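Here's a walk through one protein chain, from its overall make-up down to a handful of residues. Have the structure open while you read.

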Amino acid sequence: MEKNSKMVIHQNNLASGRFEDFELRELKLFLTLISNLGKSENSYIADSKFIKDFIGMESQSYNKFEAVIKKLQKRTIEIKENENRYKSYSIFSVLEFDKKEKIVEVEYNPKFLPFIRDLNQGNFCKYYLENIKHLSSRYSILFYMRLQSEAFKKIISISIDEMKLLYGKNYTQNNIEKKILKPALEEINSYTDLDIRLEKKYTGKKITAYNFSISKKEAIISDQLKEAIEKAKKNIYISKSKTLSNECIAILMNEFTEEELVYGLKEAYKIINKDFNRLTYLSKIIKTIISKDDKDIIIESNNIIDNIEFKEEVKEENIKKSSIDIDEIRLKYIKKLKPLVPIRKWNLFNSIISTLTTEEEIKEQYEKLIKE
């Protein structure tokens with residue numbers, strides 16, 4: 001997998017956890033290991049070279065790398081259960097480095113695993129691992145995780161008390177701003193896909209909280225993805241479907257990693273041989289493609305289409321009796337909003353609604369942006 005296509009996915013409440021005593025390299029290692037986790041596994045073997053280089057230890061000895069592995073293996077994360085209680089979780093059942101084979105053996109604690117895999121159990125966020133690569137402090141990473149997890153809200157408020165509890169228990173208020181907030185936000189704005197603006201919240205003359213305005217920068221489409229899009233459009237059925245407009249590509253980029261989307265579109269070009277007009281149909285084709293290896297695709301291309309066609313027919317019947325598909329609702333509002341607001345607001349809206357699941361929620365966000 002290419003470096004820039006690794007995706008970190010976790011429940012939102014993990015980002016509000018207490019990562020007490022985690023050092024910068026441990027946090028980068030923790031997120032790198034999450035990005036390697038498959039959709040149906042709780043253990044795997046990872047090649048250590050990419051991990052070692054990514055966490056900034058390319059010129060360091062493997063003995064020092066092993067020391068970071070051992071420190072992370074002992075760490076726990078405290079995750080908030082309610083207003084008054086944090087529960088402590090061990091992350092790993094096994095985390096070991098094999099010096100001879102230069103591999104990392106990873107097995108997650110079953111009680112922690114739902115926070116990074118069972119994503120139907122709560123709200124979750126996902127972002128490219130590459131976003132944290134150039135962050136040089138633990139606070140930058142912790143704030144990036146938190147702000148990503150709540151980006152759909154556009155504005156969040158963190159009290160001074162919570163700031164000290166989660167990030168700066170040994171700092172005064174002035175030092176929190178100087179030593180934590182300012183450098184962290186400068187790095188996040190410079191090196192990641194988020195754009196953050198900070199405002200102080202006063203009660204009387206006293207600062208009691210900080211408000212963070214969060215927006216996502218315009219997605220950059222790589223040359224490889226552009227090439228895959230153009231190739232897919234040469235399939236007459238995909239071209240007629242109009243499912244590769246800028247709006248649709250933005251939705252697909254929220255759903256798949258870049259590597260998955262490039263591969264999926266190139267294979268979809270080969271096998272789609274029927275008319276369709278729904279983005280969800282193309283999405284299902286891509287999901288089916290990336291779940292199979294090359295041989296399966298060659299042998300089963302007709303079965304892939306027929307199986308999805310059958311499911312679509314059944315779904316069409318169900319849709320008549322229930323509601324319009326949520327992706328179509330998203331697309332409707334995305335198209336409706338585009339001529340009415342600046343591109344930055346339009347990109348922000350697209351990012352926000354990618355996590356919403358009802359038309360009422362999408363419409364509410366649409367109306368908010370129109371009024372601003």
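## The chain overall

The protein chain comes to 16 helices and 10 strands, and keep in mind that this is a predicted model. Of its 372 residues, 46% are buried. Take the contacts between residues at least 6 apart in sequence: 68% of them join residues at least 24 apart.

The largest nonpolar core has 68 residues, and the members touching the most others are Phe30, Leu31, Leu33, Tyr108, Phe112, Phe143 and Phe212. Which helix gives the most to this core? That's helix α5 (residues 138-149), with seven residues. There is also a second, separate core of 40 residues, with Ile249, Ile334, Phe349 and Ile353 among them.

Leaving out residues up to four places away in sequence, Leu33 touches Tyr44, Ile51, Leu72, Phe92, Leu95, Val106 and Tyr108. Tyr108 also turns up in the list of core members that touch the most others.

Helix α2 covers residues 24-35, and its length checks out: at 1.5 Å a residue, the 12 residues should span 16 Å, and the end C-alpha atoms are 17 Å apart, which agrees. Is α2 mostly covered or mostly open? Mostly covered, with 10 of its 12 residues buried. The buried set runs through Glu26, Leu27, Lys28, Leu29, Phe30, Leu31, Thr32, Leu33, Ile34 and Ser35, so charged Glu26 and Lys28 count as buried too, given the cut-off of under 20% relative accessible area.

One partner is helix α4 (residues 62-74), which packs against α2 at an angle of about 80 degrees, with the axes 10 Å apart. That makes α2 roughly perpendicular to α4. On the α2 side the contact uses Arg25, Glu26, Leu29, Phe30 and Leu33, and these meet Val68, Ile69, Lys71 and Leu72 in α4. By class, the residues of this contact are six nonpolar, no polar and three charged.

Another partner is α5, at an angle of about 35 degrees to α2 and with the axes 8 Å apart. Here Leu24, Leu27, Lys28 and Leu31 in α2 meet Arg138, Ile141, Leu142 and Met145 in α5. The class count is six nonpolar, no polar and two charged residues.

## Two residues in helix α7

Ile180 sits in helix α7 (residues 173-191). Buried or exposed? Ile180 is buried, because its relative accessible area is 1%, and the cut-off for buried is under 20%. Not counting residues up to four places away in sequence, Ile180 touches Tyr139, Phe143, Tyr167, Gly168, Tyr171 and Asn175. Ile180 and Arg138 are 42 residues apart in sequence, but 9.4 Å apart in space, C-alpha to C-alpha.

Glu177 is in helix α7 as well, but at 24% relative accessibility it counts as partly exposed. With residues up to four places away in sequence set aside, Glu177 touches Lys182, Pro183, Lys200, Ile207 and Tyr210. Glu177 and Tyr210 are 33 residues apart along the chain, and their C-alpha atoms are separated by 9.8 Å.

## Two lysines with positive phi

Most residues other than glycine have a negative phi. Lys154 has a positive one, near 75 degrees. Lys154 lies in the loop between α5 and β8 (155-159) and counts as buried, at 10% relative accessibility. What does Lys154 touch, not counting residues up to four places away in sequence? The list is Phe212, Ser213, Ile214, Leu348, Ile352, Gln365, Leu369 and Glu372. Phe212 is also one of the members that touch the most others in the largest nonpolar core.

Lys242 has a positive phi too, of about 60 degrees. Lys242 is found in the loop between α9 (236-241) and α10 (246-255).

Note on methods:
Residues numbered from 1 in each chain as written. Predicted model: local features only at pLDDT ≥ 70, side-chain atom pairs only at ≥ 80, totals over all residues. Heavy atoms only, no water. Core = buried A, V, L, I, M, F, W, Y, C linked by side-chain atoms within 4.5 Å. Buried < 20%, exposed > 50% of the residue type's maximum accessible area, 1.4 Å probe, protein only. Helix = DSSP H or I, 4+ residues; strand = E, 2+ residues; numbered from the N terminus. Contact = heavy atoms within 4.5 Å. Expected span 1.5 Å × (residues − 1). Axes fitted to C-alpha atoms, helices over the stretch in contact; angles between N-to-C directions. Parallel < 35°, antiparallel > 145°, perpendicular 65-115°, else oblique. Nonpolar A, V, L, I, M, F, W, Y, C, P; charged D, E, K, R; others polar.
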